[in-house]
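Please examine the structure shown below together with its sequence.

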Amino acid sequence: MKLVVFGDSILKGVITIPNSDKLFDVTENDSLSLAQKELGFELDNRSIYGNITSKGLVKLQKFFEKGGEADFCIIEFGSNDCDYDWGTLVQKVPLAEYLENLSAMVKLCRDNKVTPLMMGLIPYVCDDWFKTIIKGQDQVAILNFLGGTAETLGKNQLIYKNAQADFVQKNKVQFLDPWTIFEGHKEFMCYDGIHPNEEGYKLLSQAWIKFLSEVKKEF
């Protein structure tokens, strides 16, 4: 079984380490690498830090144009799409465009006889994520934009999460939803409030092992 992956920093395995001299580090024990060790599938992970659906769609198009092949394609986007440029307060990918991009990626996969799979969003730890995004930015302006509470970050993310869940149901895309694994479990997240920590990636790998053991090829 060959898997190709187009996603963001979550499937890249990004972690943030306190007092590190780097913006972020990448663990060798990301969720899909751990699942690969257990199940033995072929893995082509093209996930990129900060990735959004508009960029992922272009990368996927180029993959197929160059003759790329796989049994399954994992599509994992959302938490960057619903995020904002915190200097301009402009949303990175509006909801309608996000759903259009997901639809185009799923169609590309199916047109090329590759079974699309999708992973859902992981909930922000809102207070920690707020502390991360205000670094070097206008904290007062951002807080006013959020209506005075960091919880607005989570409410915005939930809109995309629910829209994605509706999308996969309507389009019959096999779907791994990690939300409940992390919801209310800050101990599985890095201090930045958006990336799982090493323990979180281990838990996510177990979900992948179960999910990938049960997926069905469409072609």
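The sections below take up these topics in turn.

## Basis of the model

The model is predicted; local features need pLDDT of at least 70, side-chain atom pairs count only at pLDDT 80 or more, and totals for chains, interfaces and linings use all residues. Residues are numbered from 1 along each chain as its sequence is written, and side-chain values use heavy atoms, with hydrogens and water left out.

## Helix packing

Helices and strands are DSSP runs numbered from the N terminus (helices H or I, at least four residues; strands E, at least two). Axes are lines fitted to C-alpha atoms, for helices over the stretch in contact, and angles run from 0 to 180 degrees between N-to-C directions. Helix H4 (residues 95-111) packs against helix H7 (residues 151-171) at an angle of about 35°, and the axes are 11 Å apart. The crossing of H4 and H7 is right-handed, a term for the near helix being turned clockwise from the far one by less than a right angle, anticlockwise being left-handed. On the H4 side, Leu 95, Tyr 98, Leu 99, Leu 102, Ser 103, Val 106 and Arg 110 meet Ile 159, Tyr 160, Ala 163, Gln 164, Phe 167 and Asn 171 of H7, where contact means heavy atoms within 4.5 Å. The residues of this contact comprise 9 nonpolar, 3 polar and 1 charged; Ala, Val, Leu, Ile, Met, Phe, Trp, Tyr, Cys and Pro count as nonpolar, Asp, Glu, Lys and Arg as charged, and the others, Gly among them, as polar.

The axes of H5 and H7 come within 8 Å and cross at roughly 105°. These two helices, H5 and H7, are therefore roughly perpendicular to each other (65 to 115 degrees; under 35 is roughly parallel, over 145 roughly antiparallel and the rest oblique). Cys 126, Asp 127, Trp 129, Phe 130 and Ile 133 of H5 form the contact with Glu 151, Leu 153 and Gly 154 of H7. By class, 5 residues of the contact of H5 with H7 are nonpolar, 1 is polar and 2 are charged.

## Nonpolar cores

A nonpolar core is a set of buried Ala, Val, Leu, Ile, Met, Phe, Trp, Tyr and Cys residues joined through side-chain atoms within 4.5 Å. Buried means under 20% relative accessible area, exposed over 50%, and partly exposed in between (1.4 Å probe, protein chains only). The largest core has 40 residues, of which Leu 60, Cys 73, Ile 75, Met 118, Phe 130, Ile 133 and Leu 153 touch the most other members. At least two residues of this core come from each of strand S1 (2-7), helix H3 (53-65), strand S5 (72-76), H4, helix H5 (126-133) and H7. H4 supplies the largest share, 6 residues. Apart from this core lies another, of 24 residues, among them Val 5, Ala 35, Phe 41 and Val 125.

## Individual residues

Leu 89, in the loop between strand S6 (84-85) and strand S7 (90-91), has a phi near 65°, a positive value in a residue other than glycine. Leu 89 is partly exposed, at 25% relative accessible area. Lys 113 also has a positive phi, near 60°, and lies in the loop between H4 and strand S8 (115-119). With 56% relative accessibility, Lys 113 counts as exposed.

Asp 25 belongs to strand S3 (residues 25-26) and, leaving out residues up to four places away in sequence, touches Gly 13, Val 14, Ile 15, Ile 17 and Ser 20. Lys 161 is located in helix H7. Beyond its neighbours within four places in sequence, Lys 161 is in contact with Leu 121, Asp 177 and Trp 179.
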